[in-house]
Amino acid sequence: AIIDLIDSAKSIAKSALSAETEAEITTLQTQYNAILDQIDYLVEDSGYAGINLLDSDNLEIAFDESGASKITVSGIDASTGSGGLNLTDAASWWSTANSEPDSTVINGYITSLETAKTTLRSQSQTLSSQLSIVTTRQDFTANMIDLLEEGAGELVNADTTEEGVKLTTLETQQALAVQALSITSSASQAVLNLFS
């Protein structure tokens with residue numbers, strides 16, 4: 001959105017190069033300054049939950065419960081001020097000496113807008129790469145949660161009928177083993193009684 005506003009401001013500055021009257025230049029300067037104000041308002045309105053990455057705030061994102069695995073997303077200053085995009089309000093676009101637009105001054109504003117746009121694109125790429133890391137980690141965490149919930153479900157949601165059959169089978173095997181030992185023991189006693 002800020003890049004779109006910069007493009008609008010650049011279009012206004014280019015229109016000023018072909019202005020015919022000082023009144024027309026004054027109107028264009030007012031429009032230009034209004035766009036710069038909108039850029040600052042946009043930056044101010046971009047915060048969420050007390051963090052505004054376009055107003056130099058940083059966001060620390062922890063990927064594990066201990067906070068050892070984390071990333072810090074560094075905010076940028078996207079305001080028009082000297083610490084940010086370094087864009088100044090339009091002034092003196094009309095050369096009173098020549099009674100025409102001051103192309104040197106106006107072209108200086110256009111250059112400042114192009115520099116600001118390049119700066120924003122560079123900072124946008126940095127934020128985009130950090131977003132890519134966060135998205136990848138978020139997908140990994142979501143898959144891990146799904147896997148752990150599935151495992152927990154298998155532990156908790158066991159088939160009681162199947163488990164009951166297994167338990168009955170084990171009890172029957174145990175009873176048969178005890179009976180077999182009892183028969184073996186009594187058979188040994190019977191053999192010993194024959195010799196006595």
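Q: Which residues of α1 meet α2 in this predicted model?
A: In the predicted model, helix α2 contributes Ile 25, Leu 28, Gln 31, Tyr 32, Ile 35, Gln 38, Ile 39, Leu 42 and Val 43 to its contact with α1. The residues of this contact divide into 13 nonpolar, 4 polar and no charged. On the α1 side, the residues that meet α2 are Ile 2, Leu 5, Ile 6, Ser 8, Ala 9, Ile 12, Ser 15 and Ala 16.

Q: How many faces of α1 do its buried residues line?
A: The buried residues of α1 are Ile 2, Ile 6, Ala 9, Lys 10, Ile 12, Ala 13 and Ala 16. Viewed down the helix axis, they fall within an arc of 160°. The buried residues of α1 therefore line one face.

Q: Which elements do the buried residues of α1 pack against?
A: The buried set of α1 includes Ile 6, Ala 9 and Ile 12, and these three residues also take part in the contact with α2. The elements against which the buried residues of α1 pack are α2, β4 (100-101) and α3 (103-156).

Q: What distance separates the end C-alpha atoms of α2?
A: Helix α2 has 23 residues, which at 1.5 Å a residue should span 33 Å. The distance in the model agrees with this expectation. The end C-alpha atoms of α2 are separated by 33 Å.

Q: What covers the buried residues of α2?
A: In α2, the buried residues are Ile 25, Leu 28, Gln 29, Tyr 32, Asn 33, Ile 35, Leu 36, Ile 39 and Val 43. Among them, Ile 25, Leu 28 and Tyr 32 also meet α1. The elements covering the buried residues of α2 include α1, β3 (94-95), β4 and α3.

Q: How far apart are the end C-alpha atoms of α3?
A: Helix α3 comprises 54 residues, and at 1.5 Å a residue these should span 80 Å. The separation of its ends agrees with that value. The end C-alpha atoms of α3 are apart by 77 Å.

Q: Which elements do the buried residues of α3 pack against?
A: Ile 106, Tyr 109, Ile 110, Leu 113, Ala 116, Lys 117, Leu 120, Gln 130 and Val 134 are buried in α3. The elements against which they pack are α1, α2, β1, β2 (70-73) and β4.

Q: Which residues is Leu 17 in contact with, leaving aside its neighbours within four places in sequence?
A: Leu 17 lies in helix α1 and is partly exposed, with a relative accessible area of 34%. Its C-alpha atom is separated by 30 Å from that of Ser 124, 107 residues apart along the chain. Sequence neighbours within four places being left aside, the contacts of Leu 17 are Pro 101, Ser 103, Ile 106, Asn 107 and Ile 110.

Q: What is the phi of Ala 49?
A: Most residues other than glycine have a negative phi. Ala 49 is placed in the loop between α2 (22-44) and β1 (59-62), and is exposed, with a relative accessible area of 68%. Its phi is positive, at a value near 55°.

Q: What is the phi of Ser 56?
A: Ser 56 is located in the loop between α2 and β1. At 40% relative accessibility, Ser 56 counts as partly exposed. Ser 56 is a residue other than glycine with a positive phi, near 70°.

How values were computed:
Residues numbered from 1 in each chain as written. Predicted model: local features only at pLDDT ≥ 70, side-chain atom pairs only at ≥ 80, totals over all residues. Heavy atoms only, no water. Helix = DSSP H or I, 4+ residues; strand = E, 2+ residues; numbered from the N terminus. Buried < 20%, exposed > 50% of the residue type's maximum accessible area, 1.4 Å probe, protein only. Contact = heavy atoms within 4.5 Å. Nonpolar A, V, L, I, M, F, W, Y, C, P; charged D, E, K, R; others polar. Arc of directions from axis to C-beta. Expected span 1.5 Å × (residues − 1).
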